[in-house]
Amino acid sequence: MNKFLGNKTAILLFILPALLLYTVMVFYPIVQTFFRSMYEWDGLSEGTFIWFDNYTRLFQDSLFFTSVKNGLIFAVIITVTQIGIGSILAFAVADAKFKGRKLLRISFFIPVVLSITVVCQLWLSIYNGEYGLINKIFEMIGLEYKQDWLSSSKSAIVAIAFVNAWQYMGYHFALLLAGVKSVPEQYMEAARIDGATKLQAILKINIPMMAETYKFCLVFAITGGLNAFANMYIMTSGGPGTSTYTLTYLMYRSAFRVGEFGYGSAAAAILVIECLIATLIINRLIARERISY
Amino acid sequence: MTWMMKLRKSNPGMPIFLWLYAILSVYPLVWMIFYSLKNNDEIFVTNPFGPPMHLRFENYVEAWSKYNVPVYFMNSLLVAVATVAGAILLAVMFSYAAARLRWRFSKIAHTYILVGMFIPIQVIMIPLAILVRDLNLANTYGALIIPYIAFNISFASMVFYGFFRSIPIEMEESACIDGASIYRTFFSIMLPIIKPALATMVIFIFLNSWNEFTMAVILITKESLKTLPLGLLFFQGQFTTDWGAMGAAMTIASLPTVLIYILFSEQVENALTVGSAVKG
Amino acid sequence: MKKMAIFIMSLCLVFVAACGSGGNNEAANNKATDEGNKETATNAAPEETKAEEAKPVKLRIYAQYADDDTKLPYDYAVAELKKEMPNVELELEVQAQDDGQKLKTYAATGNLPDIFQAGLDIITTFKKSGNILELDSYVDELGFRDKMYPSTMNTLVADDGHTYAFPYAGNEFVLLYYNKELFEQNNVKVPTTYDELMTAVKAFNAAGITPMSLFAKEKWPTVALFDMFVTRNEPQGILKLDKGEASASDPAYKEAADKIIELVKAGMLPKGATNLNYDQAAALFHQGKAAMFLNGQWEIAESTKQLGEKAGWMYFPGKDAANYEASKYAFSGGGGPGGYAVNPDTKDKDVAAKVAAFLSLKYAEYKYTERGNPLVSTKVDKAIVTEYPPMMKQLSDDIAKITSTTSFAWGLSDAKFKAAIEDASQSLMTGAYSSEQFIEDVNKAIPAAK
């Protein structure tokens with residue numbers, strides 16, 4: 001068996017194409033980012049090597065802490081809602097007897113198919129303080145709870161995170177659905193015979209069996225949240241003021257608006273490290289030996 | 001099956017929630033089409049959410065006249081199909097080796113590939129553009145296809161890795177005893193098992209590539225190679241934007257994918273059932 | 001099982017085919033251009049006797065081309081160029097609204113277009129890295145200096161005394177527009193002092209009208225509003241901070257911040273102002289739902305079209321009547337170096353520079369004659385086709401009286417300060433930001449005095 005699974009030629013054949021392309025196109029630029037984070041550099045001219053000065057500056061910059069905090073808020077919100085709602089929807093739709101499940105499945109995925117620009121424009125209208133849908137609904141039910149959802153420095157980041165959570169829930173739904181489908185039917189059958197309710201079966205059998213699925217959903221959601229950029233770029237440009245900055249946005253601002261590419265690279269380097277730590281923690285928490293049935 | 005029926009009856013809230021959520025999910029599609037038939041005033045002030053009062057088809061005429069929609073469309077399709085093919089192939093091979101085969105650095109290699117998900121594309125745009133130039137890819141389809149494949153490998157590998165890890169080891173053991181080669185085991189036994197994941201990732205990567213804007217806007221300068229999202233550039237001014245025509249351009253870009261998805265999802269559904277049947 | 005293998009195989013084939021066809025198309029395209037060139041060459045052949053240097057030249061140009069304000073002048077300039085230099089063919093790339101990300105990446109990869117529109121930000125960065133051609137010799141050769149007004153020289157010559165771009169826009173101003181009818185109907189006096197402004201804000205709010213519309217999603221209008229308050233006491237406004245000659249804690253700046261916070265808290269701006277784009281904020285004003293509106297003088301054309309005689313612009317209110325009179329002509333806004341720039345690595349610098357200069361002149365000419373915008377840098381000897389609206393007449397009558405101007409946010413020379421003042425000014429518009437925070441955030445970024 002070891003010989004079978006340790007076939008050197010096969011291993012090389014399988015991994016080399018991906019590793020090669022990835023190393024050249026993705027990893028090499030990342031290395032350059034780390035390298036450039038130790039430069040005072042505008043992105044075009046020569047630049048000067050300044051060791052860790054960019055990092056020292058970063059840790060004294062209140063904007064950096066705002067950005068890190070917002071990234072964490074964003075990550076937590078999208079992780080909880082996407083995986084939470086995604087699981088509920090996936091388990092419900094996986095039930096073969098459910099009427100209209102095909103239609104539901106297609107519907108849940110539609111926001112993902114649309115471009116992020118469309119979805120952000122829609123939510124800008126929904127959140128709008130004057131003509132927005134949410135405020136109109138409050139008005140209709142007679143509540144005097146009008147909010148400037150995106151203009152208050154406290155609620156803006158939550159409001160934006162929700163848009164992302166809502167749009168990309170479909171991804172998690174589809175991944176979890178594929179995960180549910182991969183759990184062999186006989187286990188559910190056995191649970192049924194034991195007289196377990198559906199909920200019990202899901203909690204005791206599906207979810208543990210889907211540990212690997214949940215693992216990559218978590219990594220996907222958390223790193224996606226820490227990386228968030230497009231939503232704030234389109235919806236608030238980081239505003240009001242600096243209240244919806246994330247590390248990526250800080251990098252973008254430093255590199256392109258301020259012309260401090262080296263400083264921006266330092267912010268990006270921290271981001272990569274942050275994501276790496278998050279991933280390692282997830283892997284530790286859901287550490288499981290290779291499943292044997 | 002009766003216990004499920006019971007559950008259904010005892011819990012009517014669930015279907016209601018599901019259908020409400022479905023409506024909430026489909027609304028943006030409808031909204032986008034409405035939007036594409038309105039003018040700025042209607043979009044922002046008088047009627048942001050309802051159907052348009054006049055159908056302004058001139059938005060489509062405007063959008064269509066601005067750029068060569070069929071050419072952009074074909075480019076998008078070509079790039080997306082090539083990206084899907086390349087990324088799926090490379091990722092599935094890599095993740096199989098990382099998840100199932102026995103070699104020393106498999107864990108490290110897996111984490112190494114994951115790092116690609118941690119870096120926002122804006123950060124590495126300039127080094128990437130320089131690479132594209134140095135590899136003589138500039139102004140070819142490869143300028144998009146190659147980076148798109150590279151950037152989709154991380155996510156796809158992570159998903160495939162997860163699925164491969166969930167497969168019991170007995171699968172390979174029996175194949176080994178039957179005298180099948182590792183390649184045959186991979187193609188004839190492992191791949192069919194992860195078909196649900198394959199089908200899902202085909203759609204994901206297709207969409208990623210189809211909607212990608214950040215790289216396309218910088219890496220493609222030649223008119224004959226531009227993809228659909230770049231059409232939006234023609235409507236965004238420094239101060240004002242022709243939102244209606246932009247809506248039309250977005251609809252032109254998105255509607256085909258929605259249609260393809262609706263038509264194709266039947267196939268995906270089949271793939272899913274076949275996949276679990278093999279398992280059972 | 002075979003099916004799967006075939007599926008994978010076919011995926012590979014598609015992939016190979018796609019890359020292959022990429023190459024093929026490329027070749028086909030090149031062929032097409034070659035043929036195209038041949039055609040132009042043969043067409044041009046009879047003319048060659050007339051003008052010997054007229055070999056066909058193809059130039060890449062990166063320019064704004066999105067709305068009437070940028071499309072029409074560009075199209076006109078290109079049409080004129082066809083008449084003047086028929087051998088030059090321009091290949092336009094539409095400018096992305098991306099803070100110069102695309103242009104900077106072009107520069108980094110050595111793929112810069114032959115001609116590109118450059119603002120101060122691009123000039124400053126490219127100057128350092130040698131990505132922009134110094135145009136001094138062409139200014140002399142083409143006699144461009146004679147085509148400028150003395151007052152607009154600042155748009156041609158940068159701080160270091162050199163020229164990097166041929167300007168097509170002049171010095172522009174921030175104006176506070178108002179709807180005369182709304183003021184009359186609601187018996188509100190057009191404010192001349194801060195107190196009257198506060199009275200107006202309260203009166204309009206009571207009448208259900210938004211006092212002042214502002215597209216604060218873009219950050220520069222918020223900087224402009226702040227600058228207008230500052231210039232009542234410090235005519236150099238934000239420009240003085242940009243040069244590092246003042247501190248945000250100086251009274252003129254602190255008072256301006258305090259005043260804005262007070263007015264915002266009283267409801268001066270529409271709900272969610274920091275999320276309004278131009279189209280939304282302008283709609284409020286144009287539809288008579290907002291009494292005042294802040295924008296550059298280029299808004300005159302649109303407001304006149306929408307509101308006709310009802311629209312006007314006012315001098316900015318002062319601290320008191322004396323201050324109002326004293327600072328009446330201290331305008332906010334201004335101009336700076338910018339326009340069509342040339343790639344130093346372009347094949348034929350002379351042609352590119354000549355084309356850039358010609359385009360900027362014609363671009364400005366169209367704005368002057370057809371777009372009702374006399375505030376261009378270069379002299380136009382053609383008659384005006386579209387007559388100035390009254391608001392523009394009022395402004396052009398005042399131009400000689402203007403005592404000082406400042407700068408738009410995009411004209412600030414220190415990029416770090418610019419980003420900081422933009423973020424801080426936008427925060428002021430939320431009302432939940434104290435002047436102390438404002439001073440702290442801005443002062444951090446003020447450069448050391450030069």
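## Confidence in chain A

Within chain A of this predicted model, confidence reaches its lowest mean, 76, in helix H9 (residues 185–193) of chain A, and its highest, 95, in helix H3 (residues 53–58) of chain A. For chain A as a whole the mean pLDDT is 88, with 96% of its residues at 70 or more.

One stretch of chain A calls for separate mention: over residues 289–293 of chain A the pLDDT is below 50, although the model gives this stretch seven contacts beyond near neighbours in sequence. Where pLDDT is low, predicted coordinates should not be read in detail.

## The interface between chains A and B

The contact between these two chains involves 79 residues of chain A and 84 residues of chain B. On the side of chain A that touches chain B, helix H2 (residues 8–36) of chain A supplies the largest share, with 15 residues. By residue class, that side of chain A is made up of 49 nonpolar, 19 polar and 11 charged residues.

## The sheet of chain C

Chain C contains an open sheet of four strands, arranged in the order E2-E1-E3-E9 and with mixed pairing.

Strand E1 (residues 57–63) of chain C pairs with strand E3 (residues 115–118) of chain C in the parallel sense, over two bridges. As for individual residues, Tyr62(C) has Phe116(C) in E3(C) as its bridge partner. Helix H14 (residues 349–369) of chain C lies across E1, E2, E3 and E9 of chain C, and its direction is at about 180 degrees to that of E9(C).

## The two domains of chain C

The contact between them draws 12 residues from domain 1 of chain C and 12 residues from domain 2 of chain C. On the side of domain 1 of chain C that touches domain 2 of chain C, the largest share, three residues, comes from helix H4 (residues 120–129) of chain C. This side of domain 1 of chain C consists of three nonpolar, five polar and four charged residues.

Note on methods:
Residues are numbered from 1 along each chain as its sequence is written. Chains are lettered from A and ligands numbered from 1 in the order in which they are written. This is a predicted model: local features need pLDDT of at least 70, side-chain atom pairs count only at pLDDT 80 or more; totals for chains, interfaces and linings use all residues. Ala, Val, Leu, Ile, Met, Phe, Trp, Tyr, Cys and Pro count as nonpolar, Asp, Glu, Lys and Arg as charged, and the others, Gly among them, as polar. Two strands pair if DSSP finds at least two bridges between them. Axes are lines fitted to C-alpha atoms, for helices over the stretch in contact, and angles run from 0 to 180 degrees between N-to-C directions. pLDDT is the predictor's confidence in each residue, from 0 to 100.
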